[in-house]
Amino acid sequence: MQPTFYSSRILLPARTWFIFASLFAALLLNFLPTAHWPGVPDWVALVLCFWSIRESRRVGMGWAFVLGLAMDVADGAVLGQHCFAYVMLAYAAAALGRRIMWFPLAQQALQVLPLLLASQLVQLLMRLLTGADFPGWGYLLGGPVIATILWIPLTFLLLLPQYQPVERDENRPL
């Protein structure tokens, strides 16, 4: 017997415009002045990780590089800091995507936590290598932990347009 949090509904294919709209919305959320507060997740990394797991043929390292370059320019950070971290995140998420999809949502979030921590750690190391001060443990741990907590509602939100209507036709088994 399956637990109640599993869905037996069949998902429609993800629409390309929705994928790119969600990535653009995440980019805009990262542009907000609150993005540098401790505990605020890296929205681009979270949405990029989600789509790299779900749609690795459409969203991959190329989009990770473009989004990382946009974040580097917007933050005034070391050029390549976000690019490198996002490309590594997209690669790891795509490589582990099939494995992660076997888990229920709560366990998926726990599987995604090391990916988000590694992305944040790469950014931190690149900052420290260029002479920046250590921003504190809240930078390293706060954002990925909050992003992991947000994995479940984000999954429901991003999969919402893909759900088929619950119309049953007696003549068709699917």
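## Helix H3 and its cover

The buried residues of H3 are covered by elements that include H1, helix H2 (43-54) and helix H4 (81-101); contact here means heavy atoms within 4.5 Å. Helices are DSSP runs (H or I, at least four residues) numbered from the N terminus. The structure is a predicted model, in which local features need pLDDT of at least 70 and side-chain atom pairs count only at pLDDT 80 or more, while totals for chains, interfaces and linings use all residues. Residues are numbered from 1 along each chain as its sequence is written, and side-chain values use heavy atoms, with hydrogens and water left out.

The buried residues of H3 are Ala64, Leu67, Gly68, Met71 and Asp72, where buried means under 20% relative accessible area, exposed over 50% and partly exposed in between (1.4 Å probe, protein chains only). They lie on the same side of H3 because they cover an arc of only 145° around the axis, taken from the directions from the helix axis to the C-beta atoms.

H3 has 15 residues and reaches 20 Å from its first C-alpha to its last, close to the 21 Å expected at 1.5 Å a residue; the expected span is 1.5 Å times one less than the number of residues. Gly76, whose phi is positive, near 70°, follows H3.

## Aromatic pairs

Rings of Phe, Tyr and Trp (its six-membered ring) pair if their centres lie within 6.5 Å; planes under 30 degrees apart count as stacked, over 60 as edge-to-face and the rest as tilted. By this rule there are five aromatic pairs. The ring centres of Phe20 and Trp63 are 4.7 Å apart and their planes stand at 35°, so this pair is tilted. Because Phe20 lies in helix H1 (residues 16-31) and Trp63 in helix H3 (residues 61-75), the pair ties together parts 43 residues apart in sequence.

Phe20 is partly exposed at 28% relative accessibility, and Trp63 is partly exposed at 36%. One aromatic cluster is formed by Trp17, Phe18, Phe50, Trp51 and Trp151.

## Charged residues

The whole structure holds one salt bridge, defined as a side-chain nitrogen of Lys or Arg within 4 Å of a carboxyl oxygen of Asp or Glu. Glu55 forms a salt bridge with Arg58, their closest N and O atoms being 3.9 Å apart. Arg58 is partly exposed, with a relative accessible area of 32%.

Asp72, in helix H3, is buried yet has no salt bridge. The nearest side chain of opposite charge, Arg127, is 8.0 Å away from Asp72; Lys and Arg count as positive and Asp and Glu as negative, with His and the chain ends not counted. Leaving aside neighbours within four places in sequence, Asp72 has contacts including Ala77, Gln81 and Cys83.

Terms used: Helices (H or I, at least four residues) and strands (E, at least two) are DSSP runs, numbered from the N terminus.
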